[in-house]
Amino acid sequence: MAEHVATIEWETSASVVPLPWSSAAAVDPEEAFVAAIASCHMLSFLYVAAKRGFAPTQYRDRAVGAMTKNEQGVAWVSRVVLSPAIRYAGTPPATEQLAALHAAAHHECFIANSVKTEIVVG
């Protein structure tokens, strides 16, 4: 079995630690958190869609996280907006079916069930 190793450059966000003491090209933990939510939703969506007879051929998302301060004044990722663009082989789901697929994907997503961050499909 082949071993796959990925190297990711991690850094504090440039919005927290100014340049040149941080790297804008590196992934910060907040970006990774948003990416984890988006990828979990995508994988859950693909699973649910296939179970219901739809055949997605392309799934792209431009997820955006919003950081706010909580009641104690501590910053947190309070909201993630997912904006998936999906293409299908065959007939795509109707608007109501698509909303139901996203709701089911949200329900199936382990990460969405593990965080208090509001997750919205826009």
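Start by selecting His-102. Besides neighbours within four places in sequence, His-102 is in contact (heavy atoms within 4.5 Å) with His-41, Phe-45, Tyr-59, Pro-84, Ile-86 and Val-121. Before going on, a word on what you're looking at: this is a predicted model, where local features need pLDDT of at least 70 and side-chain atom pairs count only at pLDDT 80 or more, while totals for chains, interfaces and linings use all residues. Residues are numbered from 1 along each chain as its sequence is written, and side-chain values use heavy atoms, with hydrogens and water left out.

Stay on His-102 for a moment. Is it buried or exposed? At 9% relative accessibility, His-102 counts as buried (buried is under 20% relative accessible area, exposed over 50%, partly exposed in between, with a 1.4 Å probe and protein chains only). Show the side chain of His-41 too: the two side chains make a polar contact at 2.9 Å. That term means a pair of N or O atoms within 3.5 Å; within protein, one must be able to donate a hydrogen and the other to accept it, and residues adjacent in sequence count only if both atoms are side-chain atoms.

Now widen the selection to helix α2, residues 95-108, where His-102 has its place. Helices (H or I, at least four residues) and strands (E, at least two) are DSSP runs, numbered from the N terminus.

Colour Leu-101, His-102, Ala-104 and Ala-105, which are buried in α2. They cover an arc of only 165° around the axis, so they sit on the same side of α2; the arc is that of the directions from the helix axis to the C-beta atoms. Turn to the other side of α2 and you'll find Thr-95, Glu-96 and His-107 exposed. The cover over the buried residues of α2 includes α1 (29-51), β1 (55-60), β4 (85-89) and β5 (118-121).

Next, pick α1. Its 23 residues reach 33 Å from first C-alpha to last, close to the 33 Å expected. Among the buried residues here are Val-34, Ile-37, His-41 and Phe-45. Look at the start of α1, where a side-chain oxygen of Asp-28 comes to within 3.0 Å of the backbone nitrogen of Glu-30. After α1 comes Gly-53, with a positive phi near 90°.

Time for rings. How many aromatic pairs does a search of the whole structure find? Two, counting rings of Phe, Tyr and Trp (its six-membered ring) with centres within 6.5 Å; planes under 30 degrees apart are stacked, over 60 edge-to-face and the rest tilted. Phe-45 and Tyr-59 have ring centres 5.8 Å apart and planes at 50°, so that pair is tilted. It links helix α1 with strand β1, 14 residues apart. The other selection is Phe-54 with Tyr-88, an edge-to-face pair at 6.5 Å centre to centre and 65° between the planes. Phe-54 lies in the loop between α1 and β1 and Tyr-88 in strand β4, so the pair ties together parts 34 residues apart in sequence.

How values were computed. The expected span of a helix is 1.5 Å times one less than its number of residues.
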